[in-house]
Amino acid sequence: MANRHDFRHAELKRRQRAMREGFPPNFGLRIHRMISWIGRAEAEPYDPAASFIFLWIAFNAAYSDGSDIDGPPASERDRFRAFFRRALDCDPEHRLYRTAWRDGGQPIRAFIDNRYVFSPFWTHHHGLGCDDWEDRFRKASALFEAALRDGETDLVLSFMFDRLYMLRNQLIHGGATWDSSINRDQLRSGVDLLGALLPVVADLMMSCPSEGWGHPFFPVVDPSS
């Protein structure tokens, strides 16, 4: 799948500059960081690995929350879901669903139907169980199709980011070769999907700056303090 260059960094930056005086400080820092990394990804149209990594950093800037640092640890997937529940509360026009449904939902379907971003496939491949991975794969695909058909955006995003997280792990943990001909389909698909979705998320966040997006793990610290 070709990179469709959906990042639209300049448009997001113009809106952020026009609105930032009214942003709560923690939110202002969060959205500034997110948009900066979307812009960095946009500058890598010919390197899908770099583009994907920069987009994932943008996503981390959006959802990471330091306010629960003293509480019981939550899984990354739980954090994703909590974040998207807040984003969906800011999405009365169903923009996230329409983004997932673009081109009749074919790009996201192709990604979901790729076994190499399905965690049980790799568990089985390493001899650690999940001998029924193919059955799980078929059932997951059927559940995804039902969620996409019925407009259950929270489930669509949950399926999508479960697979994107597996792709993220492959890259960040050295499970892929840079510029290799292997794994290109899922990598380009991942860039295409994140590049379409994250600018919409950023725009929705700016429409609801007081929604309760949490505190950045790494705020700006005054060096004199």
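**A close look**

Reply: C90 is a handy place to start: its relative accessibility is 5%, so it counts as buried. Keep in mind that this is a predicted model. C130 comes out at 18% relative accessibility, and because buried means under 20%, that residue counts as buried too. As for disulfides, the structure has zero of them.

Now for the helix pair. Helix α2 covers residues 25-42 and helix α10 covers residues 184-207. Their axes lie 11 Å apart, and the two pack at an angle of about 160°. Angles over 145 degrees count as roughly antiparallel, so that is the label for α2 and α10. The crossing that α2 makes as it passes α10 is left-handed.

Which residues of α2 and α10 meet? On the α2 side they are F27, R30, I31, M34, I35 and I38. Facing them from α10 are L198, P199, V201, A202, M205 and M206. Sorted by class, this contact of α2 with α10 has 11 nonpolar residues, one charged residue and no polar ones.

One more stop, away from that pair: R98, which sits in helix α5, residues 95-100. Is R98 buried, exposed or partly exposed? Its relative accessibility is 48%, so R98 counts as partly exposed. R98 and G151 are 53 residues apart in sequence, while in space their C-alpha atoms are 9.3 Å apart.

Technical notes
Residues numbered from 1 in each chain as written. Predicted model: local features only at pLDDT ≥ 70, side-chain atom pairs only at ≥ 80, totals over all residues. Heavy atoms only, no water. Helix = DSSP H or I, 4+ residues; strand = E, 2+ residues; numbered from the N terminus. Buried < 20%, exposed > 50% of the residue type's maximum accessible area, 1.4 Å probe, protein only. Axes fitted to C-alpha atoms, helices over the stretch in contact; angles between N-to-C directions. Parallel < 35°, antiparallel > 145°, perpendicular 65-115°, else oblique. Left-handed = near helix turned anticlockwise from the far one by under 90°. Contact = heavy atoms within 4.5 Å. Nonpolar A, V, L, I, M, F, W, Y, C, P; charged D, E, K, R; others polar. Disulfide = S-S within 2.5 Å.
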